[in-house]
Amino acid sequence: MTSSTAAFTLAVVGGSGGSGASVLAGAVATRAARAGHRTVAVDLDPGGGGLDVVLGLEQEDGPRWRDLHGLRGAVDAEALVEQLPTTSDGVAALSFDRQWFEPDAGLTRALVEALRGSSDVVVLDRARGPFVPVQTDAWVLLAHGTLTGLAGAQVMADHLVGLDAEPWLVTRDVDEAVVHQVCEALALPLLAEMRHESAVETDLVRGVAPGRAPRSALSRVADEVLHELMIERRAVA
């Protein structure tokens, strides 16, 4: 399904390093593609190790951010998507590689905007800051239930609210007895709760993209994110 309008664009950001934001972003992208949406996952975290690794694409040919350095003028997004490494489920990924490279803001905005015009869903795996401003329909903040994870989530929540981003909260491994206290402390609406799954870690080691197993808890969270933020909001609009 390819829309004539701009893609639904979701940004996922972790409140702290190691929170699992890239895994959640990969799972949302996988679930969107498996639902029939033309989906692109965009890595906006140059220090994250590469979204292609999360999606099991690190050995696949295709351009990474470094290869697009110096690109000027109009972007042929259709041609770019055809060249990007793509999962068996149909997620095309624009990723960083394993060397530090930071694209300039102009290139970032131009490529994201072009990809939004040629896709149904764009999932942004965002670094914790500073943010290059790009058009985004919804934000998800992932808060890990450790002391440092929750402290980092508080800082990021304040930052996003200051940017008028109106983020939704997804918690990871937060005790159910205190999850609503966490929501109140962060002043964010709770969207979903993630739990540790050893099978997800095993799949990542095997190069299996997160979100492929329909009955996994991670897939259910990703489906919930898509349904609430994409389908329900567009139905209301």
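Colleague: Why is Phe96 called buried?

Modeller: Buried means under 20% relative accessible area, exposed over 50% and partly exposed in between, with a 1.4 Å probe and protein chains only. Phe96 has a relative accessible area of 2%, so Phe96 is buried. Please keep in mind that this is a predicted model: local features need pLDDT of at least 70, side-chain atom pairs count only at pLDDT 80 or more, and totals for chains, interfaces and linings use all residues. Residues are numbered from 1 along each chain as its sequence is written, and side-chain values use heavy atoms, with hydrogens and water left out.

Colleague: What makes Trp65 and Phe96 a stacked aromatic pair?

Modeller: Rings of Phe, Tyr and Trp (its six-membered ring) pair if their centres lie within 6.5 Å; planes under 30 degrees apart count as stacked, over 60 as edge-to-face and the rest as tilted. A search of the whole structure finds 2 aromatic pairs. In one of them, Trp65 and Phe96 lie 5.8 Å centre to centre with 25° between the planes, which is stacked. The pair links distant parts of the chain, 31 residues apart: Trp65 is in the loop between α2 (51–54) and α3 (77–83), and Phe96 in the loop between β3 and α4. Trp65 is buried too, with a relative accessible area of 0%.

Colleague: How many bridges join β2 to β3, and how many join β2 to β4?

Modeller: 4 bridges join β2 to β3, and 6 join β2 to β4; the definition of pairing asks for at least two. Thr39 stands opposite Val91 in β3 and opposite Val121 in β4. Strands β1 (residues 8–14) and β4 (residues 121–126) pair in the parallel sense over 6 bridges, with Thr9 opposite Val122.

Colleague: Why is β2 called largely enclosed by the rest of the structure?

Modeller: 6 of the 6 residues of β2 are buried, so β2 is largely enclosed. Thr39, Ala41 and Asp43 point one way, Val40, Val42 and Leu44 the other way, and all are buried.

Colleague: Is Arg31 buried or exposed, and how do you know?

Modeller: Arg31 lies in helix α1 (residues 21–34). Its relative accessibility is 12%, so Arg31 counts as buried.

Colleague: What makes the approach of Gly211 to Arg31 a polar contact?

Modeller: A polar contact is a pair of N or O atoms within 3.5 Å; within protein, one must be able to donate a hydrogen and the other to accept it, and residues adjacent in sequence count only if both atoms are side-chain atoms. The backbone oxygen of Gly211 lies 2.9 Å from a polar atom of the Arg31 side chain.

Colleague: Why is Asp164 called exposed?

Modeller: Asp164 counts as exposed because its relative accessibility is 66%. Asp164 lies in the loop between α5 and β6 (168–172) and has a positive phi of about 60° although it is not a glycine. Most residues other than glycine have a negative phi. Glu166, in the loop between α5 and β6, has a positive phi of about 50° and is exposed at 61%.

Notes. Helix = DSSP H or I, 4+ residues; strand = E, 2+ residues; numbered from the N terminus.
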